[in-house]
Amino acid sequence: MSIARIESYDDFLRVHFAPAEGPRHADFHWFWLRHNSELDRHPLTHERIVCSSELPLELRPRLVRLSEDASALDIDWGDRSDGQVSRHTEDWLRAHAYAPDRAPAPAPPSDGGAITVNAARLEEPLGRFALRTLQRTGAVVVRGFGTDTEALVDTFSREGLSVIETHFGRIEDLRTGNTTNRNTDQLGYTDSAIQLHTDQPFLDRPPRYQLLHCQQPANTGGDNAVVDALAAAHYLAEVDRPAFELLSTVPVTFHRKQKAFERVLVSPILDFSAPGGFRIRYSYFTLAPYRRPFAEMEAWYRAYNRFARLVRDERHQYRLRLEAGDFLLYDNWRMLHARTAFTGSRWLRGVYFDAA
């Protein structure tokens, strides 16, 4: 028997076994593999001489390879001055597999081509196509529509959507030096980077959809990113169930305080029982200080940070740059969005929609 191949992931290693009775593959956390290696055992008694508490939990290897005859797995952990590597035989891995034949957990998608279309090449009405795509992917990017935002509003109105006016106004002019909107004392009207978030999480019913319509791109920067938070939630449930349960059940406080506006709402970050289906509320800049019992605060931070690392990984993001006339439409209940810092007179028009 032998090891057919291996696949390395951020948190674990998948070992595929050659055909035989037993599991076809098994997943092993990196930390578990290091803790159960022979590197930290006494050379005579073979007892452990290092406690798991002495090893960093986020330990990652420098190199993983199969032995020449594929009967064992060799791992160079990069923290051994003597250059030794740990060896795990195929028999041993089979015998101690704690996640045999675990179904793969798909990470959030990142292929921008799957959500992008040129307006001139559409073979059906734009509004119908965009909403149908949103149902499947949560976001759609349309190139070359033109810069008439009111025409876009009319397009989606014909499909049953209505503009939702917020404390910013009916249509936002997202640019520095804004003079057309109310309550512009927030990050969207600056040239700063804005990390992943959802909009209006402090409202009982945040607007369902948001349109970002490019009038003028930045000179440099100003690129957009969107993440499928529903896919991220399902992925988290498969790789870190305690973190998923905490984010799904622990209420947190969102507090938006501006010079002329203030709103507070308490809700879990991941809400699978919200009216209308899944809803994520995620906004690091409107989160109030957490109030968890002392004994639970560290666990909460670990769970939140685990999810943040997942969605902030660029491999799990749709990343794009909008040029003049392009627009991005996404489901604000499902998707997170962000932008990079920029220079120049970047100007996007933002419109919120919901079902009429």
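Ala, Val, Leu, Ile, Met, Phe, Trp, Tyr, Cys and Pro count as nonpolar here, Asp, Glu, Lys and Arg as charged, and the others, Gly among them, as polar. Keep that handy for the linings below. The model is a predicted one, in which local features need pLDDT of at least 70 and side-chain atom pairs count only at pLDDT 80 or more, while totals for chains, interfaces and linings use all residues. Residues are numbered from 1 along each chain as its sequence is written, and side-chain values use heavy atoms, with hydrogens and water left out.

**The whole protein**

Let's start with the big picture. Count up the elements and you get seven helices and 23 strands (helices are DSSP runs of H or I with at least four residues, strands are runs of E with at least two, numbered from the N terminus). A box drawn along the principal axes to hold the C-alpha atoms would be roughly 75 × 50 × 40 Å. Of the 356 residues in the protein, 50% are buried (under 20% relative accessible area with a 1.4 Å probe and protein chains only; exposed is over 50%, partly exposed in between).

**Pocket and cavity**

On a 1 Å grid over the protein atoms alone, a cavity is a set of points where a 1.4 Å probe fits but cannot get out, a pocket is an open set with protein on both sides within 12 Å along at least five of seven lines, and lining residues have an atom within 4 Å of a point. Points are joined across faces, edges and corners, and a volume is the space filled by probe spheres set on them.

The largest pocket holds about 960 Å³ of space. It has 33 lining residues, with Asp11, Arg60, Asp240, Arg306 and Arg309 closest to the centre. At least two lining residues each come from β2 (12-17), α1 (30-35), α5 (229-239), α6 (241-249) and α7 (297-312). Helix α7 supplies the largest share of this pocket's lining, seven residues. By class, the pocket lining has 17 nonpolar, four polar and 12 charged residues.

As for cavities, there are three of 30 Å³ or more. The largest cavity contains about 320 Å³ of space. Its lining is made of 26 residues, and nearest the centre you'll find Gly188, Ile194, His197, Asp199 and His337. Two or more lining residues come from each of β10 (172-174), β11, β12, β21 (335-339) and β23 (347-355). Strand β21 gives the most to this cavity, three residues. The cavity lining splits into 11 nonpolar, 10 polar and five charged residues.

**Helices that meet**

Have a look at helix α6, which meets two other helices. Axes are lines fitted to C-alpha atoms over the stretch in contact, and angles run from 0 to 180 degrees between N-to-C directions. Under 35 degrees counts as roughly parallel, over 145 as roughly antiparallel, 65 to 115 as roughly perpendicular and the rest as oblique.

The α6 and α7 axes come within 9 Å and cross at roughly 100°, so these two helices are roughly perpendicular to each other. On the α6 side, Ala243, Leu246 and Leu247 make the contact, and on the α7 side Ala299, Trp300, Ala303, Tyr304 and Phe307 do. By class, the residues of this contact are eight nonpolar, no polar and no charged.

For α5 and α6, the axes come within 5 Å and cross at roughly 135°, so α5 is oblique to α6. Here Ala233, Leu236, Ala237 and Val239 of α5 touch Arg241, Ala243, Phe244 and Leu247 of α6. That contact divides into seven nonpolar, no polar and one charged residue.

| Residue | Relative accessibility | Class |
|---|---|---|
| Gln200 | 4% | buried |
| Ala295 | 75% | exposed |
| Val140 | 0% | buried |

Gln200 sits in the loop between β11 (194-197) and β12 (209-216). Leaving out residues up to four places away in sequence, Gln200 touches Thr166, His167, Phe168, Pro206, Pro207 and Tyr352.

Ala295 lies in the loop between β18 (279-280) and α7. From Ala295 to Arg48 is 247 residues along the chain and 31 Å between C-alpha atoms.

Val140 belongs to strand β8 (residues 139-143). With residues up to four places away in sequence left out, Val140 touches Ile115, Phe129, Ala130, Thr133, Leu134, Phe327, Leu328 and Leu329. Leu55 is 85 residues from Val140 in sequence, and their C-alpha atoms are 44 Å apart in space.

How values were computed. Contact means heavy atoms within 4.5 Å.
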